[in-house]
Amino acid sequence: MLRFSLVVCGGGVAKRFASSFSGQSALPPNLLLPTNLVDPGRLKRPPPPADCSLPLLRKCDAVVPAHLSPVQTWVETLESQDSEPLGLAHLHPDVFAVPPRLDILHDVERWQRNYKRISHANTKVRSEVRGGGRKPWKQKGSGRARHGSIRSPIWRGGGVSHGPRGPTSYYYMLPMKVRVQGLKVALSSKMAQDYLHIVDSLNIPTPDSQYLLDLIRQRHWGESVLIVDVGEEFPENILQATANLKTVNIIPAIGLNVHSMLKHEAIVLTLDTVRFLEDKLLWHNQRYTPLYPFKLPYSDFP
Amino acid sequence: MSVLGGLLRAGASLCQSAGTLLHAARSISTGTCCRVRMHAIPELKKVDRWTEKRSMFGVYDNIGILGEFKAHPKDLIKAPCWLKGFKGNELQRLIRKKRMVGDRMMTLDRHNLEKRISFLYRRFNRTGKHR
């Protein structure tokens, strides 16, 4: 034991000598950092004060309830890397300041993972395995255990009695209002944690991916950014810039969902997207229950 | 422990001069070591969390709510045609498969399907507590 421990000490001392020769800031290769470390540069942006001199670029279209006040945020621009915010925007509190219901987020996330799941695991039952129609030996007299077929589940090479059977689907639907509330809770949580950014439009000067990465790092937006815009066409520059980036993704507003919002750290919305989302999500607060599916024509909708 | 002792003794004997190998060390195993031997902790497999599929997962799931109800999320599912937007136990799935796809199946598959349907029907409706 003593000899063994001496050998270990010798090796450790040699390693420490080698690392001090190589460099002062060499991190060990097997270092595991916790994933919830806070970037100190993010903590210093206060919300807009009440007496700000910047113009109010957007007011809420829908009526805000009297006991709530609109959420105020900066409206920024992507044109240059170190530009000041352009103005302020009011966001509807019933979409961007709902109470944080983590159970609804969990339910919607689990629904998104499972409703499209098809499991193709399949095993053959004893009747489907090739062979095994004949009795292997006679019932009495051979001295061996009695068997009826060579493919019964207790035989090697036999069928599986209670295995997975064929393509199985795990489809189910949550109520529409639960899915809508999940979207509202996700947007409110991103707003409350200062990960939601409003931008006037998605025009960038260059189609360079590095420009976007530098902009994100300089403004301390986070590691991954989800850019959402209304409409089917996006500016060419931002499409080319995000095409090669893995953690910066751009989606149309119809594709917004809770899983993508939770996967990406920061969300960037344009003013048109905010109007579209408020319009779509607030309608469910005061709609009638459908007598027939909404895809069939109604006289007063859309 | 006893195997380690044996290795040490073998190492010590090798370190000494080659001429005086009078005592050839033999390792004795008393049977207390575990049979599963690993030389190192296996390293974690490297999973890329930002592939195209993983970063775009779940997009268009709310196409109904946000898109004027022209499409339904069940239209997005990639599945055999008898399972799109349908969930059921094994008997229900097999009956649906027979109704939708049965006349274009191979003879052996169709025969097995019919055997399985009749077995499950008898099992569910004639045996057990819930019939």
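A salt bridge is counted where a side-chain nitrogen of Lys or Arg lies within 4 Å of a carboxyl oxygen of Asp or Glu. The model is a predicted one.

**Interface between chain A and chain B**

- Contacts between the two chains involve 51 residues of chain A and 39 residues of chain B.
- The buried area comes to about 4,000 Å², and carbon and sulfur atoms give 64% of it.
- On the chain A side, A:Tyr171, A:Ile254 and A:Lys263 lose the most area to chain B, and together they account for 15% of what that side buries.
- Four salt bridges are counted between chain A and chain B.
- Twelve residue pairs, both members at pLDDT 80 or more, are in polar contact across this interface.
- Several elements of chain A give two or more residues to the side that touches chain B, among them helix H1 (2-22), helix H3 (102-114), strand S8 (248-252) and helix H7 (258-263).
- Helix H8 of chain A gives the most to that side, with five residues.
- By residue class, the side of chain A that touches chain B holds 26 nonpolar, 15 polar and ten charged residues.

**Salt bridges**

- Side chains of opposite charge can pair when their charged atoms come close.
- Over all chains, the rule gives 17 salt bridges.
- Within chain A, the side chains of A:Glu278 and A:Arg58 form a salt bridge at 2.9 Å, N to O.
- This pair links distant parts of the chain, with A:Glu278 in helix H8 and A:Arg58 in strand S1 (residues 56-58), 220 residues apart.
- A:Glu278 is buried, at a relative accessible area of 3%, and A:Arg58 is buried as well, at 8%.
- Between the chains, A:Lys116 and B:Asp61 pair at 3.1 Å, N to O.
- This pair runs from the loop between H3 and strand S4 (118-119) of chain A, where A:Lys116 lies, to the loop between H2 and H3 of chain B, where B:Asp61 lies.
- Is A:Lys116 buried or partly exposed? A:Lys116 counts as partly exposed because its relative accessibility is 22%, and the cut-off for buried is under 20%.
- B:Asp61, in contrast, is buried, with a relative accessible area of 0%.
- Within chain B, B:Glu90 forms a salt bridge with B:Arg116, and the closest N and O atoms are 2.8 Å apart.
- B:Glu90 belongs to helix H4 and B:Arg116 to helix H5 (residues 107-126) of chain B, 26 residues apart.
- B:Glu90 is buried at 14% relative accessible area, and B:Arg116 counts as buried at 11%.
- A network of salt bridges links A:Glu128, A:Arg165, B:Glu90 and B:Arg116.

- Beyond four places in sequence, the contacts of A:Val228 include A:Ile251, A:Ala253, A:Leu256, A:Leu269 and A:Thr273.
- A:Ala253 lies in the loop between S8 and H7 of chain A and is buried, with a relative accessible area of 2%.
- With residues up to four places away in sequence left out, A:Ala253 touches residues including A:Val228, A:Phe276 and B:Leu66.
- A:Ala253 and A:Leu277 are 24 residues apart in sequence and 7.8 Å apart in space, C-alpha to C-alpha.

**Chain B**

- Chain B has five helices and zero strands.
- Of its 131 residues, 25% are buried.
- Among contacts in chain B with a separation of 6 or more, 22% come from residues 24 or more positions apart.
- B:Tyr60, a residue other than glycine, has a positive phi near 70° and sits in the loop between helix H2 (52-55) and helix H3 (63-66).
- B:Tyr60 counts as partly exposed, at 33% relative accessibility.
- B:Phe69 also has a positive phi, near 60°, and is placed in the loop between H3 and helix H4 (90-101) of chain B.
- B:Phe69 counts as buried, at 9% relative accessibility.

Note on methods: Residues numbered from 1 in each chain as written. Chains lettered and ligands numbered in written order. Heavy atoms only, no water. Contact = heavy atoms within 4.5 Å. Buried area = accessible area lost by both parts, 1.4 Å probe. Polar contact = N/O pair within 3.5 Å; in protein donor to acceptor, adjacent residues only side chain to side chain. Helix = DSSP H or I, 4+ residues; strand = E, 2+ residues; numbered from the N terminus. Nonpolar A, V, L, I, M, F, W, Y, C, P; charged D, E, K, R; others polar. Buried < 20%, exposed > 50% of the residue type's maximum accessible area, 1.4 Å probe, protein only.
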